[in-house]
Amino acid sequence: MSYQSMKVAEKIQRKINRMQEGITFKYQQLGIDQSEYSAATKTIERLIKKGMIKRVSTGVFYKPKQSAFGELRPREEELLKPYLFQDGKRIAYITGGSLYNRMGLTTQVPKTIKVASKVKRVTTKIGKTQVKPVKSYVDVSNENYYLLEILDALKDFKTIPDLDKKSAIALLKNEISKLSENDQTKIIRYALKYPPRATALLGAILELSNKKSGLDRLRAKLNPLTTYRLVIKKETLPTAPEWNIN
């Protein structure tokens with residue numbers, strides 16, 4: 001190994017030693033120059049063989065976290081972090097079955113992970129799990145992605161597998177009732193860009209939560225002659241008939 005390669009290896013080793021376990025990183029976070037990439041690649045491969053770091057996907061790695069029960073794999077969100085952020089800003093979020101499982105709406109674990117973004121198509125593989133892109137309805141940011149998660153659950157309510165509708169309505173009502181006035185205003189604005197079934201369900205849950213502000217905007221978006229067949233009983237969602245949900 002040349003002197004230059006040794007210096008690069010030492011630099012990378014120091015960086016990785018200071019890194020928190022279970023946090024993903026890319027070459028750009030190792031503080032190396034463009035001229036050092038060749039040596040850095042060889043160093044990374046050696047560290048992978050030693051088990052000091054693991055590869056998530058091409059150019060994305062993490063430092064394994066050990067517990068009494070063995071190695072702990074980072075959370076899905078952390079493994080996908082390099083794809084969810086661009087230049088330090090969030091541009092995407094995990095949706096679909098993975099999200100609904102995390103929210104407690106389904107016990108099923110999907111074979112694919114869906115990532116929603118307005119500006120980027122995220123297609124990769126995390127281990128044996130395929131990551132597929134979906135188009136988000138609005139631009140994603142760190143200040144709104146959690147609202148888009150709620151709207152996605154409302155949009156897909158009828159198709160979420162293994163869904164207990166009574167428990168799901170109670171869970172979503174709890175999440176929506178905790179929203180600040182500012183977040184309520186934002187989620188209503190975003191809902192206007194979603195399919196009408198999500199708009200209607202949001203309106204019914206907001207009304208049930210005694211959050212009246214902005215409901216007229218949601219109603220104005222809906223066709224009064226359209227019925228939304230979500231198969232929700234009136235006792236589960238008493239406000240459903242007022243929003244043409246049955």
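**Notebook: helix H8 and its surroundings**

I began with helix H8, whose buried residues pack against H6, helix H9 (196-208) and H10. By buried I mean under 20% relative accessible area, with exposed over 50% and partly exposed in between (1.4 Å probe, protein chains only). Helices (H or I, at least four residues) and strands (E, at least two) are DSSP runs, numbered from the N terminus.

The model is predicted, so I kept the conditions in view: local features need pLDDT of at least 70, side-chain atom pairs count only at pLDDT 80 or more, and totals for chains, interfaces and linings use all residues. Residues are numbered from 1 along each chain as its sequence is written, and side-chain values use heavy atoms, with hydrogens and water left out.

**Entry: H8**

I listed the buried residues of H8: Asp183, Gln184, Lys186, Ile187, Ile188, Tyr190 and Ala191.

Asp183 lies in H8, which covers residues 181-191. Its relative accessible area is 12%, so I noted Asp183 as buried. For contacts I used heavy atoms within 4.5 Å. Setting aside neighbours within four places in sequence, I found Asp183 in contact with Tyr146 and Leu147.

Lys186 is also placed in helix H8. It counts as buried because its relative accessibility is 13%. With neighbours within four places again left out, Lys186 is in contact with Glu143, Tyr146 and Leu147.

How far apart are the N and O atoms where the side chains of Asp183 and Lys186 meet in a salt bridge? I read 3.7 Å for this pair. The criterion is a side-chain nitrogen of Lys or Arg within 4 Å of a carboxyl oxygen of Asp or Glu. Asp183 and Lys186 are three residues apart in helix H8, so about one helical turn separates them. An α-helix has 3.6 residues a turn, so residues three or four places apart point the same way.

**Entry: other salt bridges**

I searched the whole structure and got eight salt bridges. Side chains of opposite charge can pair when their charged atoms come close.

One of the pairs is Arg102 with Glu149, where the closest N and O atoms are 3.0 Å apart. This pair links distant parts of the chain: Arg102 sits in helix H5 (residues 97-103) and Glu149 in helix H6 (residues 145-155), 47 residues apart. Are the two partners buried or exposed? Arg102 is exposed, at 52% relative accessibility, whereas Glu149 is buried, at 9%.

I also looked up Glu175 with Lys178, whose closest N and O atoms are 3.4 Å apart. Glu175 is partly exposed at 30%, and Lys178 is exposed at 55%.

**Entry: the whole chain**

I counted the secondary structure of the chain as ten helices and eleven strands. The radius of gyration is 23 Å, well over the 18 Å that the globule rule gives for 246 residues, so the chain is more spread out than a compact globule. That radius is taken over C-alpha atoms, and the rule is 2.2 Å times the number of residues to the power 0.38. Along its principal axes the C-alpha trace spans about 75 × 35 × 25 Å.

Of the 246 residues, 46% are buried. Among contacts with a separation of 6 or more, 57% join residues 24 or more positions apart. The chain exposes about 13600 Å², and carbon and sulfur atoms supply 49% of this area. I took accessible areas from the Shrake-Rupley method with a 1.4 Å probe; for residues, only the protein chains shown count as cover.

For charge, I noted 47 positive and 24 negative charges, with mean positions 4 Å apart. Lys and Arg count as positive and Asp and Glu as negative, while His and the chain ends are not counted. Each charge is placed at NZ of Lys, CZ of Arg, CG of Asp or CD of Glu.

Asp162 has a positive phi of about 60° although it is not a glycine. I located Asp162 in the loop between H6 and helix H7 (165-177), where it is partly exposed at 48% relative accessibility.

Asn244 likewise has a positive phi of about 60° without being a glycine. Asn244 is in the segment after H10 and is partly exposed, at 26%.

Pro241 is placed in the segment after helix H10 (215-221). It is partly exposed at 43% relative accessibility. I noted 9.4 Å between the C-alpha atoms of Pro241 and Thr227, which are 14 residues apart along the chain.
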